[in-house]
Amino acid sequence: MERQQLIRMHRRLACTDLADISEVRCALREFLRYRWREESAEVAELLLSELVTNALVHTRHGAVVTVTVASATLRVEVRDFVSGLPMSYVPDADDGTHGRGLILVQSLADAWGVKAHALGKVVWFELDGGRP
């Protein structure tokens with residue numbers, strides 16, 4: 001049986017610095033540069049920034065990002081440290097740009113979910129078939 005190789009990226013983000021969103025996007029882009037198709041990497045970048053923004057804005061306690069590439073699957077996890085699952089929300093036209101993060105994740109990810117922990121939760125998504 002062939003052993004599956006896992007490649008990981010791990011980043012801790014400060015609780016109040018929204019500039020970390022741009023930095024973690026750049027780190028993901030570099031991490032995926034030769035490991036994943038460009039179009040799929042761009043989707044991963046967009047979804048990562050949505051989940052990190054949610055974690056930093058709504059919890060104000062920082063976040064931990066873990067990205068795993070295994071075989072033909074990319075998994076991104078964003079952990080925060082506040083209990084309570086994210087609320088699914090359908091924004092109306094007056095909401096501007098707010099409230100669309102989880103809708104984007106639902107629409108663009110091949111799989112996604114939320115896992116509660118004793119302290120906080122992990123919101124994750126997976127993309128399939130992106131290797132170059």
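Predicted model: local features only at pLDDT ≥ 70, side-chain atom pairs only at ≥ 80, totals over all residues.
**Exercise 1.** Determine which strands pair with β5, in what sense, and over how many bridges.

*Solution.* 
Step 1. Take β3, residues 73-80: this strand pairs with β5 in the antiparallel sense, over eight bridges. Within this pairing, D80 is found opposite K121 of β5.
Step 2. Take β4, residues 111-116: six bridges connect this strand to β5, and the two run antiparallel. Here A111 lies opposite E126 of β5.
Step 3. Examine the connection: β4 and β5 make a hairpin in which four residues separate the strands. In the turn, G120 has a positive phi of about 95°.

**Exercise 2.** State how many residues of β5 are buried.

*Solution.* 
Step 1. Strand β5 spans residues 121-128, eight residues in total.
Step 2. The criterion for a buried residue is under 20% relative accessible area.
Step 3. Seven of the eight residues are buried, and β5 is accordingly described as mostly covered.

**Exercise 3.** Describe the geometry of the crossing of α2 and α3, and classify the residues of their contact.

*Solution.* 
Step 1. The axes of α2 (residues 38-59) and α3 (residues 101-108) come within 9 Å and cross at roughly 150°.
Step 2. The handedness of this crossing is left-handed.
Step 3. From α2, the contact draws on V43, L46, L47, E50, L51 and N54; from α3, G101, L102, L104, V105 and L108 take part.
Step 4. Sorted by class, the contact residues comprise eight nonpolar, two polar and one charged.

Methods: Residues numbered from 1 in each chain as written. Heavy atoms only, no water. Buried < 20%, exposed > 50% of the residue type's maximum accessible area, 1.4 Å probe, protein only. Pairing = 2+ DSSP bridges. Axes fitted to C-alpha atoms, helices over the stretch in contact; angles between N-to-C directions. Left-handed = near helix turned anticlockwise from the far one by under 90°. Contact = heavy atoms within 4.5 Å. Nonpolar A, V, L, I, M, F, W, Y, C, P; charged D, E, K, R; others polar.
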